[in-house]
Amino acid sequence: MFAKKLIAAAAALLAMHSAFAADKPLVDSVSLDVGTGSKIKMVRLGVQKDWDARWFQSNGTHLSGYWDASFAYWRGNQANNVPGAHMHLSDLGFTPVFRFENDNKKGIYYEGGIGVHRLSDLYNNDDNRLSTRFQFGDHIGVGYVFDNKWEVGAKIQHFSNGGYKKPNSGVNFVELKASYHF
């Protein structure tokens with residue numbers, strides 16, 4: 001099931017190839033994230049669009065950001081609090097991300113974002129429960145953009161419905177990210 005979803009997401013990214021060739025492309029980078037949390041693992045494919053903004057520019061740095069659209073697959077290893085029982089979720093997300101970076105967009109960066117996510121099912125794994133499919137996803141991260149347009153990063157991400165329906169214990173991931181900029 002996971003392989004089919006991953007192939008479908010990769011096909012969708014390739015189908016967007018014509019958007020890369022436009023004067024103002026719809027997508028200017030793609031990413032792959034892998035993450036882990038308490039008895040849960042996640043793989044995410046994403047596409048990004050840079051805001052081309054420079055706020056608070058000073059000393060060769062500025063604040064900017066990008067839009068991030070993503071599709072993720074979660075695999076829990078203690079579904080319904082039963083050791084070894086697996087749960088599988090899909091996650092469709094959209095996040096505005098603020099990034100503090102160098103003016104040439106190379107080297108180290110720091111970022112943070114809060115977005116919206118739609119899960120394919122309710123989350124109930126390892127004593128953590130989410131009572132809604134709609135979730136907020138917030139993250140903070142740090143990374144490095146190389147001269148060859150590749151980027152690597154690490155981030156901490158939290159999912160929660162903001163407390164509007166209980167139970168809402170939240171889900172946390174530590175993630176590694178690889179991205180390529182066109």
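**View 1. The largest cavity and its lining.** Strand β4 (61–76) gives the largest share of the lining of the largest cavity, 3 residues. Strands here, like helices, are DSSP runs numbered from the N terminus (E, at least two residues, for a strand; H or I, at least four, for a helix). The model you are looking at is predicted, so local features need pLDDT of at least 70 and side-chain atom pairs count only at pLDDT 80 or more, while totals for chains, interfaces and linings use all residues. Residues are numbered from 1 along each chain as its sequence is written, and side-chain values use heavy atoms, with hydrogens and water left out. A cavity is a set of points, on a 1 Å grid over the protein atoms alone, where a 1.4 Å probe fits but cannot get out; lining residues have an atom within 4 Å of a point. Grid points are joined across faces, edges and corners, and a volume is the space filled by probe spheres set on the points. Counted this way, there are 3 cavities of 30 Å³ or more, and the largest cavity has a volume of about 100 Å³. Its lining has 14 residues, of which D33, R44, D68, H139 and K155 are the closest to the centre. At least two lining residues come from each of β1 (29–37), β2, β4, β5 and β10. By class, the lining of this cavity holds 2 nonpolar, 7 polar and 5 charged residues; Ala, Val, Leu, Ile, Met, Phe, Trp, Tyr, Cys and Pro count as nonpolar, Asp, Glu, Lys and Arg as charged, and the others, Gly among them, as polar.

**View 2. The largest pocket.** Now for an open space: a pocket is an open set of points with protein on both sides within 12 Å along at least five of seven lines. The largest pocket has a volume of about 400 Å³. Among its 22 lining residues, look for D28, S29, D50, K105 and H181, the closest to its centre. The elements that each give two or more residues to this lining are β2 (40–50), β4 (61–76), β5 and β11. The lining of the largest pocket divides into 11 charged, 7 polar and 4 nonpolar residues. At 26% relative accessibility, K105 is partly exposed (buried means under 20% relative accessible area, exposed over 50%, partly exposed in between, with a 1.4 Å probe and protein chains only).

**View 3. Aromatic rings around W55 and F98.** Rings of Phe, Tyr and Trp (its six-membered ring) pair if their centres lie within 6.5 Å; planes under 30 degrees apart count as stacked, over 60 as edge-to-face and the rest as tilted. This gives 14 aromatic pairs. One of them joins W55 and F98, a tilted pair with 6.3 Å centre to centre and 45 degrees between the planes. Because W55 belongs to β3 (residues 55–58) and F98 to β5 (residues 87–102), this pair ties together parts that are 43 residues apart in sequence. W55 is partly exposed at 36% relative accessibility, and F98 is partly exposed at 42%. W51, W55, W67, F94 and F98 form one aromatic cluster.

**View 4. F159 and F173, an edge-to-face pair.** These two rings lie 5.9 Å apart centre to centre, with 90 degrees between their planes. F159 is in β10 (residues 150–160) and F173 in β11 (residues 171–181), so the pair ties together parts that are 14 residues apart in sequence. Both residues are buried.

**View 5. Strand β1 and its partners.** Two strands pair if DSSP finds at least two bridges between them. β1 pairs with β2 in the antiparallel sense over 9 bridges, and V30 has V47 of β2 as its bridge partner. β1 also pairs with β11, antiparallel over 8 bridges, where L32 stands opposite A178. In the hairpin of β1 and β2, with 2 residues between the strands, K39 takes a positive phi near 60 degrees.

**View 6. Backbone exceptions.** Most residues other than glycine have a negative phi, and most peptide bonds are trans. F56 in strand β3 has a positive phi of about 55 degrees, and F56 is exposed, with a relative accessible area of 70%. A cis peptide bond joins K166 and P167, with omega about 0 degrees; P167 is in the loop between β10 and β11.
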